[in-house]
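Here are my notes on the model, in numbered points. Have the structure open while you read, and check each residue as it comes up.

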Amino acid sequence: MSTISENSAVGRVQGGGGLSALAATLHTTLDRARSKLFDLLPLIVALVTLLGIWELACRGAGSSLPPPSRVVSETWELIINPFFDNGGVDKGLFWHLAASLERVAIGFTLSAITGIALGVLIGQSSLAYRGLDPIFQVLRTVPPLAWLPISLAAFRQADPSAIFVIFITSIWPIILNTAVGVRQIPQDYRNVARVLRLSPLEFFFRIMLPSSVPFIFTGLKIGIGLSWLAIVAAEMLIGGVGIGFFIWDAWNSSLMSEIILALVYVGLVGFILDRVITVIGNRVAGRKVG
């Protein structure tokens, strides 16, 4: 009997300990949720204020812009059904965004590979720097859409032309930031490489790349933002499926609510792309990038 009583007491103690641990976990979770909500509070207040001002300013009959309530009501079908496909360019916003993102992925990948290679070249070689840097400084000031006639004349197709515009727009910050990162490698690191007699490939992977990663990803962050800006503008001119064409087509049809909805999606996708590059850069560099 005493043994049974002791076991029961032990069970009650263990059960009480389990409940205490569960309560502590719930308390910690609630504290974190409250902390996150508190952090988001300024954003929520600012957003509600902005929407309120917009609603009041555009609610009148003579307003040329629709208020938020009308934007939501007029575009509700597009919001709840982004995946429809009626053929041609009559598609949901998902397909327009997907087409734009596909072009951006190809163009940005090409610019990242080429830009990092050229950045390493002019960062390592003073001769290449003196020869190429002035040319890059001039070309990077050319507006993105100014390249579109050249690309259309060269490729004679819409998709390759748009991809080239993305490539030529986003490559300059990648080149320049990579070159800065390579040129700022401490001289002590270079001396150690000479002492250890590292091959050029070993020097690149062991010293150059780790030292310049923060600069490279800063260039990539700027480049992805420019890519997304360029594709929206280019698609307005080349037509076809894409979020830029969707905005231009809505303008030609005087559908202001659809334009505003598309702009919201453009901003959200651009923000996500920036965050993705930032997270990858932080993981690779082991510290905050940009």
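1. Some ground rules. I call a residue buried under 20% relative accessible area, exposed over 50%, and partly exposed in between, using a 1.4 Å probe and protein chains only. This is a predicted model, with residues numbered from 1 along each chain as its sequence is written, and local features need pLDDT of at least 70, side-chain atom pairs count only at pLDDT 80 or more, and totals for chains, interfaces and linings use all residues. Side-chain values use heavy atoms, leaving out hydrogens and water.

2. Overall fold. The chain has 11 helices and zero strands; these are DSSP runs numbered from the N terminus, where a helix (H or I) takes at least four residues and a strand (E) at least two. The chain's radius of gyration is 27 Å, well over the 19 Å that the globule rule gives for 290 residues, so it is more spread out than a compact globule. That radius is taken over C-alpha atoms, and the rule is 2.2 Å times the number of residues to the power 0.38. Along the principal axes, the C-alpha atoms fill a box of roughly 95 × 75 × 35 Å.

3. Burial and contacts. Of the 290 residues, 35% are buried. Take contacts (heavy atoms within 4.5 Å) between residues at least 6 apart in sequence: 65% of them join residues at least 24 apart.

4. By nonpolar core I mean buried Ala, Val, Leu, Ile, Met, Phe, Trp, Tyr and Cys residues joined through side-chain atoms within 4.5 Å. The largest one has 33 residues, and Leu220, Trp228, Ile231 and Ile243 touch the most other members. At least two residues each come from helices H4 (93-124), H7 (158-183), H9 (200-238), H10 (243-252) and H11 (256-285). H9 gives the most, with 10 residues.

5. Trp228 and the second core. What does Trp228 touch, not counting residues up to four places away in sequence? The list is Leu97, Ser100, Leu101, Val104, Ile243, Val266, Val269, Gly270 and Leu273. There is also a second, separate core of 10 residues, with Ala128, Phe167, Ile171 and Ala179 among them.

6. Gly219. This glycine lies in helix H9 and is buried, with a relative accessible area of 0%. Beyond four places in sequence, Gly219 is in contact with Pro173, Ile174 and Asn177. Its C-alpha atom is separated by 8.8 Å from that of Ser170, which is 49 residues apart from Gly219 along the chain.

7. Lys91. Is this lysine buried or exposed? At 16% relative accessibility, Lys91 counts as buried. Lys91 is found in the loop between helix H3 (76-80) and H4. Leaving aside neighbours within four places in sequence, Lys91 is in contact with Phe84, Asp85, His96 and Val241.

8. Two positive phi values. Arg156 is not a glycine, yet has a positive phi of about 60°. Arg156 is in the loop between helix H6 (148-155) and H7, and is exposed, with a relative accessible area of 72%. Ser254, also a residue other than glycine, has a positive phi near 60°. Ser254 is found in the loop between H10 and H11 and counts as exposed at 59% relative accessibility.
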